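Biologist: Could you take me slowly through one part of this model, the sheet and the helices that pack around it, and then show me how that part sits within the whole? I am new to reading structures, so please connect each step to the next.

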There are 2 protein chains.
Amino acid sequence: MSRTERSADAVRAAARLAKVAGTALVEADLTLPQYRVLVFLDAGERPASHVAALLGVAPSTVTAAVDGLVARGLVERRADPADRRKVVLALTTAGRGALRRGDDVVAARLDRLLGFLEVDEAETVLVGLAHLNRAMERSLAERFGPPAGDPGP
Amino acid sequence: MSRTERSADAVRAAARLAKVAGTALVEADLTLPQYRVLVFLDAGERPASHVAALLGVAPSTVTAAVDGLVARGLVERRADPADRRKVVLALTTAGRGALRRGDDVVAARLDRLLGFLEVDEAETVLVGLAHLNRAMERSLAERFGPPAGDPGP
DNA sequence: TATTGTTATACTCTATAACTATA
DNA sequence: TATAGTTATAGAGTATAACAATA
């Protein structure tokens, strides 16, 4: 696979995946950034600064996304007793429900898309995406500890 | 891999890939939609309506992206003699050069990212992205013929 | 002084709707 | 009438900068 093809494939896939997922999430009343925050908080509560850094967006972007989630009771903002500058974000029970509905609509749309491939090709896509995320998490280095509430390995 | 993990992986990967590619493309003085148009036109010239449909964006989005490319002499707008409503978009020589520079900066950034993985894992990522694009192209059905100037199979 | 988060503001990408010109 | 493309406009997502509170 040439250098050119790799770049073109990556950009095409990213744009298309984002579009497909964003369209699907409308059915779950979630925007793409809101779903990303929910996914992230599912692993455990986190201060907003960690969410921003690990999602790779500006702090103000997290504020905007979370505002909508808090208004609908899907996420809670709690003061951190140890450092009162920090706002800890945590999923509510309703938030977990919303996340599952988001998972479902995206997975359904993804399944439909992968239906155009052979079974082993579809598997390669899913494994490849998982590897890609692992690479991105590693590239963020270990600047942040495990989330609170994470039982650990 | 659970349904939940698949959805979360897809959305995370899409957002991260788009960000990484967009940041890299700044070095090549291209925006993400401009690069997508260049990639598309590299296969052959096409009327703007085909570009919009196959990229999955509105016609006005193509107009906006192409305006910048035309201003810099990277893409030409030609009237279609057979149907004078149509505007055929074609890469110029300078456009091909800009596309190659875009390929290079994205590929370099992608290589750096995949360096966090084992060689076979990185290969799975690239093959997976290629399969994913194939699935998306198939899902668009065969509503459009091959691009002009395409030698074909 | 440095950090956390919010607010204010602007820019980019995208879509919808109205319009022009062709068919 | 229907289609191709542009223009005008609006909305979402994002970033930067200024600010308030806390460390």
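**The sheet and its surroundings**

Modeller: In this predicted model, chain B has three strands that form an open sheet, arranged in the order β1-β3-β2, with antiparallel pairing. The edges of this sheet are taken by β1 (46–47) and β2 (75–79) of chain B, and each has a single partner strand, so one side of each is left without a neighbour in the sheet. If we look at how β1(B) is held to strand β3 (residues 87–91) of chain B, we find that the two run antiparallel and are joined by two bridges. For a particular pair of residues to look for on the screen, take Arg46(B), whose bridge partner in β3(B) is Leu89(B).

Helix α4 (residues 59–71) of chain B lies across β2 and β3 of that chain, and runs at about 115 degrees to β2(B). Two packed helices are described by the angle between their axes and the distance between the axes. For helix α2 (residues 32–42) of chain B and α4(B), the angle is about 80 degrees and the axes are 9 Å apart. Because angles from 65 to 115 degrees count as roughly perpendicular, α2(B) is described as roughly perpendicular to α4(B). On the side of α2(B), the contact is made by Pro33(B), Gln34(B), Val37(B) and Leu38(B), while α4(B) contributes Ala65(B), Val66(B), Gly68(B) and Leu69(B).

Helix α2 (residues 32–42) of chain A is mostly covered, since eight of its eleven residues are buried. Those buried residues are Gln34(A), Tyr35(A), Arg36(A), Val37(A), Leu38(A), Val39(A), Phe40(A) and Leu41(A). Just after α2(A) comes Gly44(A), which takes a positive phi of about 145 degrees.

To place these elements in the whole chain, notice that chain A has six helices and three strands, and that from the N terminus on its elements run α-α-β-α-α-β-β-α-α. Of the 153 residues of chain A, 46% count as buried, and the C-alpha atoms of the chain fill a box of roughly 50 × 35 × 30 Å along the principal axes. Among the contacts in chain A with a separation of 6 or more, 55% are made by residues 24 or more positions apart.

Chain A is superposed on chain B, with an RMSD of 0.1 Å, by a rotation of 180 degrees with 0.0 Å of shift along its axis. The two copies are thus related as by a two-fold rotation axis, and in chain A the C-alpha nearest the axis belongs to Ala14(A), at 2.2 Å from it. Since 100% of the interface residues of chain A are also interface residues in chain B, the copies meet through the same surface.

Two residues let you follow contacts between the chains. Asp9(A), found in helix α1 of chain A, is buried with a relative accessible area of 11%, and, leaving out residues up to four places away in sequence, touches Met1(A), Ala130(B) and Asn133(B). Asn133(A), found in helix α6 (residues 119–139) of chain A, has a relative accessible area of 3%, and since buried means under 20%, Asn133(A) is buried.

Finally, consider the confidence of the prediction. The mean pLDDT of chain A is 92, and 92% of its residues reach 70 or more. Over residues 149–153 of chain A, however, the pLDDT is below 50, and this stretch has one contact in the model beyond near neighbours in sequence.

Key:
Residues are numbered from 1 along each chain as its sequence is written. Chains are lettered from A and ligands numbered from 1 in the order in which they are written. This is a predicted model: local features need pLDDT of at least 70, side-chain atom pairs count only at pLDDT 80 or more; totals for chains, interfaces and linings use all residues. Side-chain values use heavy atoms; hydrogens and water are left out. pLDDT is the predictor's confidence in each residue, from 0 to 100. Contact means heavy atoms within 4.5 Å. Helices (H or I, at least four residues) and strands (E, at least two) are DSSP runs, numbered from the N terminus. Buried means under 20% relative accessible area, exposed over 50%, partly exposed in between (1.4 Å probe, protein chains only). Copies are superposed by least squares on the C-alpha atoms of residues with pLDDT of at least 70 in both. Two strands pair if DSSP finds at least two bridges between them. Axes are lines fitted to C-alpha atoms, for helices over the stretch in contact, and angles run from 0 to 180 degrees between N-to-C directions. Angles under 35 degrees count as roughly parallel, over 145 as roughly antiparallel, 65 to 115 as roughly perpendicular and the rest as oblique.
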